[in-house]
Structures are given as C-alpha cells and as structure tokens.
Amino acid sequence: MEKSPKDTLVGTWVQVSLDTVSADGTRLPLYGENAKGMIIYTSNGYFTLMQASVDLPKLKSGLPSKATPEEAKAVIANSIAYFGKYSLDETSMVLSLDIQASTFANLTGNPSEKRNVTSLTDSELKFNRPFVKDVTLEAVFKRAE
C-alpha cells in the first residue's frame, strides 16, 4: 500500500537549495551557494527547521550575548531557525505552520505561515511560499540517509 502524503512527509530532510525567485525568473540563493539546512517532521505533528549560510562569522567573544553589532547582523541576516506544529492538507498540498518560537520573531504565532508543496516523494520535498513583493522562496530538500 502506498504511503499517504502525511506519512511521506514524516522524517528528516536535508536542504539541497533555498532560492529566491523574482517575477522575471531571476534565481538567487537566499543564504549563499553552499547554505545548509534541515527540517524534521514528526508523526505527531511537530517540526523543527534550521537554515544557515556556511559563512556565518565566528563571534570574537565566543558568547552570543557579547556579539558585536556587525556579527549579530551577519548572523540574523544569514540564518533562521524555528519550530512548532504543522498540518498538511493532502488535497491542496498546503503545509500550514504554527510557529511557536523563531530566531525571526515576526514568524512566531503568524497563522498565515503556509508552504505550497510542489513535490513530495520518498526522497524529495519541494515547497515554495511568497517571500517579499514579486519574489517567491523555493526550497528543495532530500531525505536524510
């Protein structure tokens, strides 16, 4: 018997690409060419995500609370992490997120956080979402081995 989309989604996914796509088709990697990321979806409806540039600065002080303004800006502009609950509408393939905490607090508690799943197989997950005016964010993940 074939797995349902909800069952197929459960597991650990490693980022392949994360691009902004403009209305004119221009594609740019959000956190640089070799950015890394991971999403974990649990069978009971929880998820966690972390994405970052591989070029994040090491903090000179060694303490996040003592980061310089430049270091802090580089980290916040080139990474994101959040977690919460999710649900997948198997008809529309819209993934709805209830983000409970995030390094970008504007996402927390926002009921309109949705992802349009464009591909979901045993080995690949692709989704997109509106990003900023006339720009879409497209993410591609492969199942972790």
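User: Before we get to the pockets, what counts as a pocket here?
Analyst: A pocket is an open set of grid points with protein on both sides within 12 Å along at least five of seven lines. The model is predicted.

User: Fine. What volume does the largest pocket have?
Analyst: About 340 Å³.

User: Which residues are closest to its centre?
Analyst: Leu30, Tyr31, Ile80, Arg129 and Phe131, out of the 19 residues that line the largest pocket.

User: How does the lining divide into nonpolar, polar and charged?
Analyst: The lining of the largest pocket has 14 nonpolar residues, three polar and two charged.

User: Switching to aromatics. How many aromatic pairs does the structure hold?
Analyst: Four. One of them is Tyr41 with Tyr86, an edge-to-face pair with 5.0 Å centre to centre and 75 degrees between the planes.

User: Where do those two tyrosines lie?
Analyst: Tyr41 is in strand β3 (residues 36-41) and Tyr86 in strand β5 (residues 79-89), so the pair ties together parts that are 45 residues apart in sequence.

User: Are they buried or exposed?
Analyst: Tyr41 and Tyr86 are both buried.

User: What else does Tyr41 touch?
Analyst: Leaving out residues up to four places away in sequence, the contacts of Tyr41 include Leu9, Val10, Gly11, Trp13, Tyr46, Leu95, Leu125 and Phe127. Phe47 and Tyr86 are on that contact list too.

User: Now the largest nonpolar core. Which members touch the most others?
Analyst: Leu9, Tyr41 and Leu125, among 25 residues in that core.

User: Last one, Thr20. Where is Thr20 found?
Analyst: In strand β1.

User: Why does Thr20 count as buried?
Analyst: Because its relative accessibility is 13%, and buried means under 20%.

User: What does Thr20 touch?
Analyst: Not counting residues up to four places away in sequence, Thr20 contacts Thr26, Arg27, Leu28, Leu30, Phe131, Val135, Thr136 and Leu137. Leu30 and Phe131 also came up among the residues closest to the centre of the largest pocket.

Notes: Residues are numbered from 1 along each chain as its sequence is written. This is a predicted model: local features need pLDDT of at least 70, side-chain atom pairs count only at pLDDT 80 or more; totals for chains, interfaces and linings use all residues. Side-chain values use heavy atoms; hydrogens and water are left out. Rings of Phe, Tyr and Trp (its six-membered ring) pair if their centres lie within 6.5 Å; planes under 30 degrees apart count as stacked, over 60 as edge-to-face and the rest as tilted. Helices (H or I, at least four residues) and strands (E, at least two) are DSSP runs, numbered from the N terminus. Buried means under 20% relative accessible area, exposed over 50%, partly exposed in between (1.4 Å probe, protein chains only). On a 1 Å grid over the protein atoms alone, a cavity is a set of points where a 1.4 Å probe fits but cannot get out, and a pocket is an open set with protein on both sides within 12 Å along at least five of seven lines; lining residues have an atom within 4 Å of a point. Grid points are joined across faces, edges and corners, and a volume is the space filled by probe spheres set on the points. Ala, Val, Leu, Ile, Met, Phe, Trp, Tyr, Cys and Pro count as nonpolar, Asp, Glu, Lys and Arg as charged, and the others, Gly among them, as polar. A nonpolar core is a set of buried Ala, Val, Leu, Ile, Met, Phe, Trp, Tyr and Cys residues joined through side-chain atoms within 4.5 Å. Contact means heavy atoms within 4.5 Å.
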